[in-house]
Amino acid sequence: MQLVICEKPSVAKSIASALGVASRADGFYDGNGYLVSWCIGHLVGLADAAAYDEKLKKWRYDDLPILPEPFRYEVASEKAAQFHILKKLMERPDVSELVNACDAGREGELIFRLVYNMAGCKKPFSRLWISSMEDSAIREGFQNLRPGSEYEALYQSALCRQKADWIIGINATRLFSVLYHRTLNVGRVQTPTLAMLAERDAKISLFKKEKYHHVRLALDGAEAVSEKITAQEDAEKLKAACSGAAAVCVSVAREKKKEKPPKLYDLTALQREANRIFGYTAKQALDYAQTLYEKKLLTYPRTDSRYLTSDMAETASVVLHLAAKVKPFDACSDFFPDVTILVSDKDVSDHHAIIPTPELEKADVTALPVGERNILLLVCCKLLCAAAEPYVYEAVTAAFDCGGHPFTAKGRRVLSEGWRETDRLFRSALKEKPEDEESGGTLPDFTEGQAFENVPVTVTEHFTAPPKVFTEDTLLAAMESAGKEDMPEDAERRGLGTPATRASIIEKLVSGGFVERKGRSMISTKDGVNLITVLPEALTSPMLTAEWEQKLNEIAKGGADPAAFMAGIEGMAAELVKTYSHISEEGQKLFAPEKEVIGVCPRCGKPVYEGRKNFPCSDHSCGFVLWKNDRFWTSRRKELTKKMAADLLKKGRTSVKGMWSEKKGSVYDAAVILNDTGGKYINFKMEFPKRKINY
């Protein structure tokens with residue numbers, strides 16, 4: 001009997017169904033010669049530093065660097081029950097072989113191997129390597145299982161990645177957190193990502209806009225524009241020179257151009273467009289795509305390929321015609337898809353591009369939750385566009401002379417809408433305008449020598465624009481291409497992170513307080529900017545990731561030594577600790593929490609802040625302070641709150657509900673008035689209304 005171990009319960013369910021395994025037990029499926037179970041993601045992971053020594057529970061500089069040998073692993077406590085189910089299944093005498101059916105890639109290999117090793121299993125195992133959860137693809141994959149030993153180098157590569165991230169992450173995070181007295185999470189991917197955000201925000205804040213002008217001639221059905229003019233007086237002079245003069249067409253250039261169809265989606269491209277069109281975060285887009293994959297409506301989403309393999313051509317042809325029947329794409333006039341332009345075996349690594357599956361035929365797209373429906377329609381749209389004809393147009397540039405000065409009018413004439421027709425239908429259904437095209441609309445048929453008398457002339461004022469704030473769309477694009485100019489030509493995986501990890505990196509930066517979302521914009525916070533300021537360039541540059549990925553890929557191919565790679569990582573951590581042994585007093589203040597101003601001191605006019613027990617004036621020599629546990633409040637069963645303190649400072653009084661009066665033995669709504677006589681203690685007066693409230 002074979003024990004099939006999947007990465008998630010939903011995948012196990014699909015595989016069990018495809019293999020005819022119908023009986024469900026506690027934590028696995030049983031039947032037809034198979035046991036099918038699952039891991040719930042990473043069941044086994046690297047132990048925390050404290051697992052090696054009790055003293056490492058505290059973060060101290062003297063304990064760095066932490067370089068475990070050997071590394072220890074532990075079962076995630078919340079997933080222990082599933083691990084023990086898998087262990088028992090492995091130990092069953094009727095189980096002769098295992099099948100690693102975790103996701104086909106570096107991390108999927110790691111997830112299975114760590115569980116296999118932690119359970120102490122010695123039974124042989126095979127590898128299932130598929131990109132689609134269709135029943136036919138699963139059955140075909142099981143007919144072509146590969147020996148697990150063929151993926152040993154991939155496993156070693158995954159181990160090196162995991163250990164290296166642990167060593168640099170743990171040591172750098174502890175080092176800089178101890179130095180600056182603030183938890184500062186440092187990682188080889190998230191830190192360079194933060195650096196890109198901080199650098200962009202700095203450029204925006206330092207940007208000084210510059211004014212410029214254009215002189216415009218209003219022709220029949222078109223507009224001719226001058227070059228940029230910096231000084232307004234020069235623009236006015238040109239306007240005066242052209243007023244009353246004739247504008248003569250001196251040349252008309254026509255050039256036929258083609259825009260090739262866009263490529264299919266990989267995960268990053270899908271996340272970018274989902275953010276641009278729907279405002280989804282990268283994590284939301286991934287979650288929706290993953291759910292559609294588990295519902296068998298999309299192929300595997302965590303891919304960095306934008307092509308299909310040749311054996312997918314027939315399936316792609318079927319899916320294309322199914323997608324063409326889905327609204328709003330059924331309104332396309334002529335549809336003759338070319339599947340061949342979707343295929344490129346050399347451009348597919350672990351998984352092919354994201355496309356719908358033939359299950360689309362049975363699906364009620366309108367009944368899907370809105371997020372899943374939008375992602376599925378995006379993928380359908382991209383598939384239809386990618387297989388369509390090119391967009392063909394004629395670019396027209398007409399040059400004019402007016403008063404001896406040059407002007408230009410640009411436009412285009414569409415010859416064939418091609419793939420843009422599908423894109424336009426989709427965007428119209430969303431009530432969204434098509435993406436901007438390079439040059440304006442259609443120009444009249446100008447001819448050389450054609451003259452226009454007394455053309456209206458205007459001057460328009462413009463300003464240079466700062467760099468654009470990052471959105472999740474543009475940040476993902478920057479992560480994907482980060483450091484490409486610095487990376488070796490033969491580096492297989494470029495950029496920061498992988499399609500599967502970029503969303504979680506962004507979320508970590510937000511949850512850590514280093515980046516904040518403002519609408520669709522991604523902005524570095526004060527702490528984020530300070531962190532980048534204090535870290536060495538080696539940790540803020542994409543080059544570290546570029547070097548790692550190149551070496552990890554060489555290890556995965558069996559062309560590099562894992563031990564040599566790890567020795568380099570340990571050396572880097574030790575050097576980091578040695579170099580950054582102390583910081584200045586000023587540096588330590590960089591991450592001090594900002595105090596919130598509650599109000600203005602009535603004595604000296606300086607800010608009043610909230611402390612743990614009081615609201616003191618920021619000038620200690622002033623002596624003004626409001627105590628939260630002042631006897632005036634405690635005797636009346638109240639504590640001075642921030643809102644009450646702000647009212648007293650701003651208006652000299654505050655309303656308080658339910659003030660206990662011991663003298664009257666009752667509870668009243670009252671007004672408390674600040675009565676500061678300038679002495680050591682602050683006095684308060686109370687005003688009771690006539691209405692008494694008994695509790």
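Arg 127 lies over the face of Tyr 151, 5.9 Å from the ring centre. A charge counts as sitting over a ring if NZ of Lys or CZ of Arg is within 6 Å of the ring centre and within 35 degrees of the ring normal. The charged end of Arg 200 sits over the ring of Phe 470, at 4.1 Å from its centre. The model is predicted: local features need pLDDT of at least 70, side-chain atom pairs count only at pLDDT 80 or more, and totals for chains, interfaces and linings use all residues. Residues are numbered from 1 along each chain as its sequence is written, and side-chain values use heavy atoms, leaving out hydrogens and water.

A search of the whole structure finds 20 aromatic pairs. Rings of Phe, Tyr and Trp (its six-membered ring) pair if their centres lie within 6.5 Å; planes under 30 degrees apart count as stacked, over 60 as edge-to-face and the rest as tilted. Tyr 52 and Trp 166 form an edge-to-face pair, 6.2 Å centre to centre, with 70° between the planes. This pair links distant parts of the chain, 114 residues apart. Tyr 52 is in the loop between strand 5 (44–46) and strand 6 (73–75), and Trp 166 is in helix 5 (residues 152–180). Helices (H or I, at least four residues) and strands (E, at least two) are DSSP runs, numbered from the N terminus. Both Tyr 52 and Trp 166 are buried. Buried means under 20% relative accessible area, exposed over 50%, and partly exposed in between (1.4 Å probe, protein chains only). Tyr 52, Phe 71 and Trp 166 form one aromatic cluster.

Helix 9 (residues 282–294) and helix 11 (residues 370–386) pack at about 85°, with axes 9 Å apart. Axes are lines fitted to C-alpha atoms, for helices over the stretch in contact, and angles run from 0 to 180 degrees between N-to-C directions. The two helices are therefore roughly perpendicular (65 to 115 degrees). Helix 9 contributes Ala 285, Tyr 288, Ala 289, Thr 291 and Leu 292 to the contact, and helix 11 contributes Gly 371, Glu 372, Ile 375 and Leu 376. Contact means heavy atoms within 4.5 Å. The contact residues divide into six nonpolar, two polar and one charged. Ala, Val, Leu, Ile, Met, Phe, Trp, Tyr, Cys and Pro count as nonpolar, Asp, Glu, Lys and Arg as charged, and the others, Gly among them, as polar.

His 352 is in the loop between helix 10 (313–323) and helix 11. His 352 counts as buried, at 6% relative accessibility.

Definitions and conventions. Angles under 35 degrees count as roughly parallel, over 145 as roughly antiparallel, 65 to 115 as roughly perpendicular and the rest as oblique.
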